[in-house]
Every structure is written in structure tokens, then in C-alpha cells.
Amino acid sequence: MEMSKRGQWGSNFGFLMASIGSAIGLGNLWAFPYKMGKTGGFAFLIVYLILVVLVGSVLMLGEFALGRKTGKGVGAYAALSRKYSFVGYMAVISPFLILSFYSVLGGMVLRYCLGFLVQLFGVDGFSGQGSDFFSWLLYDGSSMILFFAIFMVCTMVVVMGGIKGGIEKFSKTVMPALGVILVIIIVFVALQPGAIEGYKFMFVPDMSLFSTPESFFNVLKTASGQVFFSLSLAMGINITFGSYLDKQKSLQRNATIVPLSDTLFALLAGMMILPACAAFDVDYAQGPGLLFASMQKVFLDGMGGFTGNLMGFLFYFLVFIAAITSSIALLEVCTASVVDRQLDKGKEPNRKKIALVFAVLIFLIGIPVALDALGSGDAVVKAPYELLGIAKDSAGFAMWNDCWLDFYDMISEGILMPLGALCMSIILGWLLPNLVKDECEESGHTFKGAGFLKVCFRFIIPVVMVIVLYTQITSFFNL
Ligand code: TRP
């Protein structure tokens, strides 16, 4: 059958590790804590957790089922019916945009990793800036571009050569190691005076953000974008992974374990970074630079000396690995979409060339992200709010214009993913209501929670997506 030609997972464990490896990345370690810091701690956490259960895990199950049923990646929608193929196209634009800023950040992670490495040998790795290095690096355009390019090349080389042997095996060992390092840092941070404020910010119920509809919707849209980003939803990757899964495996079990592990890692990252901000006096709400600003203080000022340099090096090395296991999957979605199309047309695709073209395009659109100093102002490239001559919104509501990163993020996380999820939930809830159930039952497991899934696909997901889109569009046009 066609299935075997495309390949299958060796075991369910391999599938799980690949899915968890692609899910856990900068989304958990970098985005979750900063979004929580920017949008208001506990309120964000609660909305996030509810959305993971009602939207995230349900959509993931839907994607696994779609992939396994059709045996296709993003082409799954077209395989169901020609009129659904546009959903597949939307699923390719998001990883394209996300990868551009993902790689800029990955490059910064590499720069920090290198900095700590040379410090281990007694050489100053942070240009004399110490814990203020972050704001200095942002304006150092040549390093930003250089490390961005290195990260992009690493990603491209892996995708050109295929993923299976090396990186997949590698991530099986380093992901647990990342967990261990996280826990060590969490314990260290917890022992610092003042850290307790960070936990209060995360866990003490503060409902004041729910008091006005505007701030509630802001939390909702940010949390929902984060669920998509972190669980790699609406980007074809889960469909593709599902298509390599044989019929014996339980889809429902997998669609529970992956979101659970991903959420656990996000929580750990929050418990590392937010208390560190409280202890070392870093502003929670500073946005995309939070991970770098806070952890630099922990390693250099808090731990200090050899220990600080060693932990700093290990930490950034593992973040780099977590990021690269995700970035290769992002580039793979783009590459595979063209490979599949050419195969359909009966052409012989040149995988290396396709990956190269995508890498170059993504690099080009990532240049403004690398050079706008994340919107700190007066950089080589102006941030969207500077170009448009509008004041930066200090309340943080219209976040899309803060910097190019936020702008790309808004198009993908803010618009294309909810729109894709809306279409998907309509297809799976109303038009083909038995698809998920039938596909899950292929494995001989009884299908649990049919009522719950039906309510989610038919009502909850569409309603949440419409609200998110509405909020996004009104804030975009400042209505
Ligand atoms: N989920 C990844 C993270 O948390 C990022 C990501 C988004 C991703 N979409 C993806 C990874 C698609 C692989 C494929 O960092």
C-alpha cells in the first residue's frame, strides 16, 4: 500500500517523542513565560489551561485522525475534498512566518551559549556588558544577523539530509536532560530572596483582568495564540505525524500525552523565569526579551563564577537543541508541501533545492526581525509602530505593532491559525462528523468522550475562534 512507501513510526514511543520534541521548544521556554508576564500572570494561566483542554487537545486529536485517515500531510484537506484545500494552504504560511522569527531567537540563544562557553575558559563572552548584554546585543546588527544565519543553516542542513537517524535519537536523550536542568535552576531561583512574588504572580488568583471585556479578550487572544504555537497546531505538522502512524495505536491517548507534557514544560519554564524576575528585579512585562534578560541575571549575578558559566552554557545549549528540533519540523512542513505537490504532478522533486529556497526566503523576511531591536526604538530597521507613527501602547493591548516579531506573530498566531482551526472544526464538527470517531475506533479502542468532542468541535472551538479573530481584527485596526 501507499502507506508503507511513505514510511511509518517504529513504535508509539518514537512517535510520541517526535511529537513532544516538536511541541516543546521556544514556545514553552521563551514565549509562555513572557506572554504570561505581559498579559497578567494567573489570569493568563487559567485561560491557557482551559484552552489546552477544550481547544488544544481536541484539535490535536482531529489533526492526528485527519493525517492517519488520508495518509497525507497538509494535503489531507485536499484529499477529503477539493473545496477544503485552502485550509492546507493556510497551514503552510504560518510555519513560514514563524520560522523567520524563531530562527532570529534561535540565533540569540546560540550567541548566549557561545558567550558562556568562552567564559568557562576565562574569556569575557559578553563584550563587557555582563547582565546588560541583552540590550546591547539587540543593537549589534552584525551579530544578530550572523547568528540568525548560523541557526538557519543548521536547520536547513538537517532538513536537507532527513531527520530520522540523528536529531530524533538525539532529542530523546536531551529532552529529559533539559527537564533536569530546568528543575535545578528552579530550585536555585526558589532559594533567592524575593522569588516568592513570582509565584504569587503565577498562582494567586487575581481576577481583576477579567473585569473589563477588553482586558479579558486580550488575555483570551494571547492565550489562544500561545496554545496554537506551543502545541504546533494548525500547521500541518500533527497531520503529517499522524499520517505515519499505524492503525493499531490509540490516537486519543497520544492526543492527551502530548499536550500534557507540553504544558508541564511551559509551567516549569514559567516557574523558572517569573520568580527569577521577582528576585533579580526584572520587569515581567518587557515582552519577547524576557528569557534573555532574566536568566542572564540568574547566571551572572546570582550564581556567578564557574557554576554560573557552566549552568549558563548547559542551559542555552539545551534550549538550542529544543529549538532546533522544532525549527527543523517547521521547515519540513514548508518543504514537504512542495515535495508532495511535485510528486502529485508526476515531477521528481529536488528536496535539497526546495529546502534551500525556503531557507533563503525565510532568512530574507526575518531580517527586519533581527534588526529592529525588538522594537526598543532607534534601531537600523524601524518597528511597525515607528513606521506608522503611532504611539507604543503601554497597556500592551495592541501588541502586534510593537516589533516585527509581534507583527508576524499576529498574522500567524492571531489570524491564520484561528481561521484554520475554525475551518477545521466546522469540517470535523458539522460536515464530516464521524471522521474522528471512526478513525479512532480503527485501532480497536472504544472511543471515549464522544459527547465532549462533539460539543468542542461544533460549538466551543468555533465560538472561541470567532471571538479571537474579532478581537485580533479590532485591535489590528484600532477599532
Ligand atoms: N511548538 C513549537 C514550540 O513550542 C513551535 C512550533 C510551532 C512548531 N509550530 C510548529 C514546531 C510546527 C514544529 C512544527 O516552540
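1. Serine 294 has its place in helix 14, residues 290-303; helices here are DSSP runs of H or I with at least four residues, numbered from the N terminus. The model is a predicted one, in which local features need pLDDT of at least 70, side-chain atom pairs count only at pLDDT 80 or more, and totals for chains, interfaces and linings use all residues. Residues are numbered from 1 along each chain as its sequence is written, and side-chain values use heavy atoms, with hydrogens and water left out.

2. Serine 294 counts as buried because its relative accessibility is 0%; buried means under 20% relative accessible area, exposed over 50%, and partly exposed in between, with a 1.4 Å probe and protein chains only. Between serine 294 and proline 275 there are 9.5 Å from C-alpha to C-alpha, at a sequence separation of 19 residues.

3. The ligand has 15 residues around it, and those that come nearest are Ala23, Gly27, Tyr102, Phe229 and Met235. A residue is near a molecule if one of its heavy atoms lies within 4 Å of it. By class, the shell around the ligand holds eight nonpolar, seven polar and no charged residues. In this classification Ala, Val, Leu, Ile, Met, Phe, Trp, Tyr, Cys and Pro are nonpolar, Asp, Glu, Lys and Arg are charged, and the others, Gly among them, are polar.

4. A polar side-chain atom of serine 232 is 3.0 Å from a nitrogen atom of the ligand. An N or O atom in the side chain of asparagine 28 lies 3.3 Å from a ligand oxygen atom, and a polar backbone atom of serine 22 lies 3.5 Å from a ligand nitrogen atom. The protein buries 100% of the 360 Å² that the ligand exposes when taken alone; accessible areas come from the Shrake-Rupley method with a 1.4 Å probe.

5. The ligand takes up the space of the second largest cavity. A cavity is a set of points, on a 1 Å grid over the protein atoms alone, where a 1.4 Å probe fits but cannot get out; a molecule sits in a cavity if more than half of its atoms lie within 2 Å of its grid points. Two or more residues of the shell come from each of helix 2 (12-23), helix 3 (26-39), helix 11 (213-230) and helix 15 (305-344).

6. Valine 219 belongs to helix 11 and is buried, since its relative accessibility is 0%. Valine 219 is ten residues from leucine 209 in sequence, and their C-alpha atoms are 8.1 Å apart.

7. Alanine 234, in the loop between helix 11 and helix 12 (237-243), has a positive phi near 55°. Alanine 234 is buried because its relative accessibility is 15%. Serine 127, in the loop between helix 6 (85-120) and helix 7 (133-138), has a positive phi of about 45°. Serine 127 is partly exposed, as its relative accessible area is 36%.

8. Tyrosine 112 lies in helix 6 and is buried, with 0% relative accessible area. Tyrosine 112 and leucine 416 are separated by 304 residues in sequence and by 32 Å between C-alpha atoms.

9. Threonine 474 is part of helix 20, residues 450-476, and counts as buried at 16% relative accessibility. A polar side-chain atom of threonine 474 is 3.0 Å from the backbone oxygen of threonine 471.

Terms used. A polar contact is a pair of N or O atoms within 3.5 Å; within protein, one must be able to donate a hydrogen and the other to accept it, and residues adjacent in sequence count only if both atoms are side-chain atoms. On a 1 Å grid over the protein atoms alone, a cavity is a set of points where a 1.4 Å probe fits but cannot get out, and a pocket is an open set with protein on both sides within 12 Å along at least five of seven lines; lining residues have an atom within 4 Å of a point.
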